[in-house]
Amino acid sequence: MAEEVFPATYSPLLPEGQVDYMMQWMYSEESLQRQMAEGHTYYIASIDGVPCGYLSVEEQRKTLFHLQKIYILPTYQGRGIGEALFRQAVAHVQRFGTLPATMELNVNRENRAVGFYLRMGMHRARTVDVEIGEGFYMKDYIMALEVEK
């Protein structure tokens, strides 16, 4: 899924070469195995048994979680799958966190998903430019949601 949705999302927003760099950085088999060993939890959404989206949540401490990934395949967008996955991330924080807890995520400042996260109750907590290597940067908002029972 990442091979389809990640380039579709970011190719229009990022400099040439950055999507390929980030795919290797975040989605290589070695990277995914390391993420899971470090405690990232993945959830896969499906419709009629066909995978159509995914998310990853990382516990940074009992009161702080990071929504690392939330993506829906383009042909499935607009069907409420993103909202369902987002609710799953909140439920994960409620189940495993010490409440109240904060769930944060990075989102590219030009990504249209900013509006989605605002509708889901998040707010822009801060703006960051994160160097990720090879001269590339993630120019993001850190968005946050306070999660309670």
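A salt bridge (a side-chain nitrogen of Lys or Arg within 4 Å of a carboxyl oxygen of Asp or Glu) is formed between K62 and E59, whose closest N and O atoms are 3.7 Å apart. The structure is a predicted model, in which local features need pLDDT of at least 70 and side-chain atom pairs count only at pLDDT 80 or more, whereas totals for chains, interfaces and linings use all residues. Residues are numbered from 1 along each chain as its sequence is written, and side-chain values use heavy atoms, with hydrogens and water left out. With buried denoting under 20% relative accessible area, exposed over 50% and partly exposed the range in between (1.4 Å probe, protein chains only), K62 is partly exposed at 41%, and E59 is partly exposed at 33%.

The structure holds four salt bridges. Among them is the pair E104 and R126, with the closest N and O atoms 3.2 Å apart. This pair links distant parts of the chain, as E104 belongs to strand β4 and R126 to strand β5, 22 residues apart; helices (H or I, at least four residues) and strands (E, at least two) are DSSP runs numbered from the N terminus. E104 counts as buried, with 11% relative accessibility, while R126 is partly exposed at 41%. A further salt bridge joins R109 to D129, the closest N and O atoms being 3.0 Å apart. Here too distant parts of the chain are linked: R109 lies in the loop between β4 and α5, and D129 lies in strand β5, 20 residues apart. R109 is partly exposed at 24% relative accessibility, and D129 is partly exposed at 47%.

Strands β1 and β2 pair in the antiparallel sense over eight bridges, pairing being assigned if DSSP finds at least two bridges between two strands. Within this pair, Y43 has L55 of β2 as its bridge partner. Strand β1 comprises residues 40–47 and includes H40, which is buried, with a relative accessible area of 10%. Beyond residues up to four places away in sequence, H40 touches Q35, S56, V57, E58 and Q68, contact being defined as heavy atoms within 4.5 Å.

Strands β2 and β3 run antiparallel and are joined by eight bridges; a hairpin connects them through two residues. E59 stands opposite F65 in β3. Eight of the nine residues of β3 are buried, so this strand is largely enclosed by the rest of the structure. Strands β3 and β4 run parallel and are joined by three bridges, with H66 opposite E104 in β4. The chain crosses from β3 through α4 to β4 in a right-handed β-α-β crossover, a term that applies if, with the strands pointing away from the viewer, the path from the first strand over the helix to the second runs clockwise.

In helix α1 (residues 2–10), the residues A2, V5, F6 and Y10 are buried. They cover an arc of only 105 degrees around the axis, which puts them on the same side of α1; the arc is that of the directions from the helix axis to the C-beta atoms. The buried residues of α1 pack against α2 (18–27), β2 (50–61), β3 (64–72) and β4 (101–108).

The largest nonpolar core contains 44 residues, of which F6, L67, F86, M103 and Y117 touch the most other members. Such a core is a set of buried Ala, Val, Leu, Ile, Met, Phe, Trp, Tyr and Cys residues joined through side-chain atoms within 4.5 Å. Elements α1, α2, β2, β3, α4 (81–96), β4, α5 (113–119) and β6 (136–147) each supply at least two residues of this core. Leaving aside neighbours within four places in sequence, L67 is in contact with L55, S56, V57, F86, A89, M103, E104 and L105.

Several backbone features were also identified. Most residues other than glycine have a negative phi, and most peptide bonds are trans. D48, in the loop between β1 and β2, has a positive phi of about 50 degrees although it is not a glycine, and is exposed at 78% relative accessible area. E134, in the loop between β5 (123–133) and β6, likewise is not a glycine and has a positive phi of about 55 degrees; E134 counts as exposed at 64% relative accessibility. A cis peptide bond joins L99 and P100, with omega about 0 degrees, and P100 lies in the loop between α4 and β4.
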